[in-house]
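Good morning. Please have a look at the model on the screen before I go through a few parts of it.

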Amino acid sequence: MKQIRFTIIALLVLVFVVTACAPAAPAPAPAAEKPAAEAPAAEAPAAEAAPAGEFNWKAYEGETLNLLMVKHPFANTMEERLPQFKELTGIDVTLEYVPEETYFDKLTTVFAGQSDAYDAYMTGSYMVWQYSPAGYMEPLDAYLNDPSKTPADYDVDDIYPFLLKDMRWSGVDGEPTGGGSLYALPWGFHTSNLIYRKSILQECGVDVPKDLEELYAAGLKLKECKPDMIPLAVRGTRGWATIHPSVMSWFTSYGGKDFEMVDGKLQCALNKNPDAVAATELWGKIIREIAQPNYADYTWYDVANSFVQGQSVMFYDADIIGYFNREGSEFPDDWGLAPPPGKPGGDPTANEWIWAIGMNSFSKKKDAAWLWMVWSTSPEFVLDAAVNGLTVDPPRASTWDSKEWKDKIAPFTGYVDTWKAIEPYTKVYYTPQAGFFEATTEWSAALQEIHAGKSAQEALDAACKRIDEALE
Amino acid sequence: MSTSNLANPASELELAPLNPVSAKEKWTPFIILGPALITVGVVMIPFLISVYYSMTNYRLTRPDIDFVWFRNYARILSSSTFWNSVRVTFTYAFLAVSIETMLGIFIAFLLNTETLMAKIFKPFLLMPLMIAPLISTLIWRLMMSPGFGVLNYFLSFFGQRNFPWATSPDTAMFTVLLVEVWTFTPFIALLVLAGLKALPREPFEAALVDGSSKWFTLRNITFPLLTPYIAIAVIFRLIDSLRQFDIVFGMTKGGPGDTLMNFQVYGYTSTFMYMKPAEGLTYIIINWIIIYVISQYMVKYLNKIQSRIS
Amino acid sequence: MNQTEIKEKKNWWTIIGANLALIVIFAFFLFPILWMVGMSFKTIDDILAWPPKFIFTPTWDNYRAIITSTIEQRGVGKIPIDFMPSFWHTLIISTLSVLLSVFLGVPAAYAISRFKFKGRDDISFTFLSFRFGPELLVIIPIYFIFQKIGLMGTYIGLIWVYQLITMPMIIWIMKSYVDDVPVDFEDACVVDGYPRWKAVLRIVLPIIRPGIAASALLAFIYAWNNFLFSLVLGSASTSTITLSAMKFISAEALRYGIMSAGIVISFLPILAFSVFAQRYFVRGLSMGAIKR
């Protein structure tokens with residue numbers, strides 16, 4: 001016992017000492033409300049000062065940039081084209097790759113430590129709500145609107161407005177995207193869709209499902225017709241990534257909302273709309289009866305894989321999975337794409353995911369980093385990366401209108417038509433708030449419980465309880 | 001070597017101390033120890049900082065940070081998530097250590113028989129441990145996939161091709177324990193085997209002369225002599241299984257639902273994914289305290305055993 | 001030297017039973033590893049085939065990709081991978097960490113064992129307690145501190161932090177081993193006029209060498225397999241193999257084959273080390289007050 005006492009006393013003493021000395025850097029950057037005012041561009045100690053008024057690609061020649069990237073085809077595509085960037089600007093770029101599963105954990109730590117180790121990074125649409133309130137992400141409006149920083153032919157209006165809108169946020173929980181500062185530039189996006197094997201649906205006499213009920217019925221029929229195949233593959237792991245490519249779409253179409261403002265405070269609303277809860281019950285039947293037997297195991301790699309390997313007949317996930325894998329698959333002409341099934345007769349409310357690039361507000365090379373960001377989202381780059389690389393779906397209208405892109409995706413049945421059908425309804429349907437990760441993870445855990453037999457209302461009630469607790 | 005320990009148990013175990021005679025000699029132990037202590041001790045200062053964080057409302061998404069004393073601890077101790085973690089952690093640790101110990105001892109005895117197979121397999125005993133648990137969990141998951149997993153293939157002969165493994169709350173614990181036992185039983189087996197090889201001859205010779213039965217020898221001589229080795233192995237495994245992260249996280253990240261949310265997994269999730277270090281670190285510190293207390297008792301027990309031997 | 005050799009009569013049944021049991025048990029332990037080695041020689045289609053292929057045409061592609069550090073990717077061309085560099089980083093970091101721990105830890109173990117001083121038990125338990133400071137507990141503050149003092153992404157930073165993993169194990173195992181060596185030898189030398197440290201060097205050290213080998217091996221294995229520290233505190237120039245292996249599972253392809261090849265390669269140093277230390281190994285772990 002003497003040991004315990006000794007150690008506890010030592011601990012307490014040291015804790016007080018440490019507290020008194022205000023340790024390392026617990027308080028992240030000040031000014032959470034950094035309006036879209038002047039970005040502290042003066043901070044960038046460039047080798048040569050930016051020439052006033054005129055845009056110059058070579059303004060930061062000789063500089064080196066460090067980028068944090070997800071191990072992802074977008075990053076690979078960009079890396080392949082880095083020599084062009086070097087030629088254009090004279091800037092050297094070093095990349096660090098992190099496996100996608102742990103990427104945001106690493107990014108979070110980088111930010112929390114106010115590190116300037118990386119100048120720019122990949123980020124996702126929803127992460128803006130986590131990272132911007134604390135001032136980790138540099139607001140980009142000042143750079144965008146400054147003609148000396150952004151080339152004249154950048155054509156920001158060519159970028160789909162709904163994508164840019166979703167990269168803007170005011171920083172206040174509950175307020176929709178679109179207000180406030182711009183925090184990232186879209187690199188590529190994907191929508192939520194249903195992809196299927198045309199020939200198998202034909203063979204089994206199944207029409208392309210238009211809503212959730214038809215999806216369920218189709219699945220049952222497919223199960224009988226092809227007992228060795230999985231009728232529908234979906235994501236199921238315990239994490240935020242399970243919700244956005246499928247669940248959020250149909251949930252929204254039934255009128256479901258994730259959060260509601262009640263007396264000025266955000267409250268979890270997953271369990272509040274009876275239609276949405278009933279839909280969740282139906283989804284429960286779907287994942288129990290027609291989805292992969294090891295539901296909770298599937299990440300999006302597994303979803304893609306099961307389809308490509310000919311094990312599943314349909315999957316409800318991102319359209320770009322089709323794009324990445326169709327040509328290399330054994331049945332490139334057998335892929336079909338359709339809008340995300342939701343409420344019968346409802347709108348195809350496709351939830352979207354955007355991979356984007358952002359600037360580290362602690363970076364000391366912001367202007368140079370901006371050059372890289374501008375280059376890798378420029379019209380030429382986007383077109384080239386989409387047609388010759390893997391950066392899809394391209395965020396620019398000009399790319400979608402181009403002949404090269406149209407030729408590229410023509411063989412993919414339904415790709416263009418579906419996009420046209422869902423374009424007006426494609427957006428981020430989540431309610432922006434800083435607890436995004438936690439809320440969606442709890443939601444995915446609730447779905448796992450539903451899969452195991454719990455009723456939808458019960459599981460969603462429990463999830464909401466935990467989410468509300470966490471919001472305090 | 002020396003037989004003095006049998007004749008003089010007490011003195012041996014007082015570890016023949018060197019009584020410091022001069023001031024210089026008094027400091028010698030600390031001088032020798034010093035660098036080691038400092039090197040590691042300094043790394044522990046962050047530990048104290050973490051303790052500090054656990055007493056704040058630190059969120060990675062808010063710039064302000066307030067000291068809230070023990071509010072986090074109080075809140076957590078009354079939340080169902082916490083008690084679920086307690087249940088999961090202790091179930092896991094208890095089952096893991098029991099199974100590994102029994103299996104490990106059994107394997108050690110088998111390897112000790114020096115039969116042909118024993119000689120062949122002994123060098124490969126530690127292999128499961130040589131792969132990072134995170135990766136070996138991944139390999140197991142590949143083997144357990146209904147789509148192409150070889151284990152499911154074997155099970156399909158029993159009609160169980162779609163055995164849920166870690167995707168069902170009923171079988172998830174079994175699945176992670178399977179990987180845990182696979183990875184760490186060799187550790188115990190090795191320590192016990194070392195013990196078996198190091199046992200003194202005299203008691204056994206005496207027993208043979210006395211004509212004792214094999215069982216008698218086993219129960220009353222072998223096992224008591226082995227106990228210190230077993231105890232050390234158990235201590236290490238207990239400590240490690242109470243703070244197991246890699247296997248559980250790698251398998252399901254704590255799911256399905258909350259079935260496998262032990263302390264470490266929840267601590268990691270809360271700190272990095274939910275960006276709430278205040279909460280996450282509190283969990284991990286509570287975990288640390290639990291391990292601390294349990295180890296205290298185990299080490300005392302170990303010392304008691306060692307003094308009872310011979 | 002042990003109870004088995006003493007027994008003259010060996011029961012046939014015991015032998016057969018023991019052999020059978022061992023076969024079953026080691027089938028369990030070795031099967032996943034053999035399966036993984038198999039995967040490293042399979043194409044991705046073979047890996048994902050059903051029924052699983054026990055007989056297949058092996059390919060060297062996976063190993064070739066790792067060693068030449070490039071992979072072909074449709075649509076993008078050749079992409080570089082960083083597995084081999086990680087391999088060297090991990091080797092260097094783990095080896096140096098263990099060396100440092102041995103260098104500092106063995107004397108520490110000696111001191112704890114031999115000297116009776118106030119707080120000895122406390123300090124000894126403190127070393128053990130470092131082991132239950134889970135990495136997660138210290139990772140965030142260490143991250144901040146490393147930031148400030150510039151140790152982020154450096155070898156030194158990681159080696160230092162790894163001491164948390166390697167040192168306690170070495171000290172605790174070595175302490176028991178030193179306990180086993182009777183003080184008489186050193187005392188005798190001192191009486192004869194030799195300085196104590198010479199006695200330690202020439203007599204004690206050779207005796208405890210097996211213990212050092214054994215504990216070093218265990219510590220090396222744990223350092224080699226570490227993941228969290230290198231994820232958070234490392235950078236591209238110090239990434240470790242565990243991290244690199246995980247990068248093979250990504251959006252465009254599930255490169256299980258290459259990943260398996262990488263793991264097999266990373267397996268080899270440990271295997272080599274362990275075979276080398278094997279001779280010392282079992283003897284080295286005899287601890288406690290029991291004597292041969």
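In which sense do strand 3 of chain A and strand 12 of chain A pair, and over how many bridges? Strand 3 (residues 120–124) and strand 12 (residues 352–359) of chain A pair in the antiparallel sense over five bridges. Strands here are DSSP runs of E of at least two residues, helices are runs of H or I of at least four, both numbered from the N terminus, and two strands pair if DSSP finds at least two bridges between them.

This is a predicted model: local features need pLDDT of at least 70, side-chain atom pairs count only at pLDDT 80 or more, and totals for chains, interfaces and linings use all residues. Residues are numbered from 1 along each chain as its sequence is written, chains are lettered from A and ligands numbered from 1 in the order in which they are written, and side-chain values use heavy atoms, without hydrogens and water.

Back to strand 3 of chain A. In strand 12 of chain A, Ile357(A) is the bridge partner of Met122(A). Strand 1 (residues 64–70) of chain A runs parallel to strand 3 of chain A, joined to it by two bridges, and Leu67(A) stands opposite Ala120(A).

Why is strand 3 of chain A largely enclosed by the rest of the structure? Five of its five residues are buried, meaning under 20% relative accessible area with a 1.4 Å probe, protein chains only. Ala120(A), Met122(A) and Gly124(A) are on one side, Tyr121(A) and Thr123(A) on the other.

Lastly, Trp372(A) is in contact (heavy atoms within 4.5 Å) with residues including Leu67(A), Ala120(A) and Ile357(A).

Note on methods:
Buried means under 20% relative accessible area, exposed over 50%, partly exposed in between (1.4 Å probe, protein chains only). Lists of a residue's contacts leave out its neighbours within four places in sequence.
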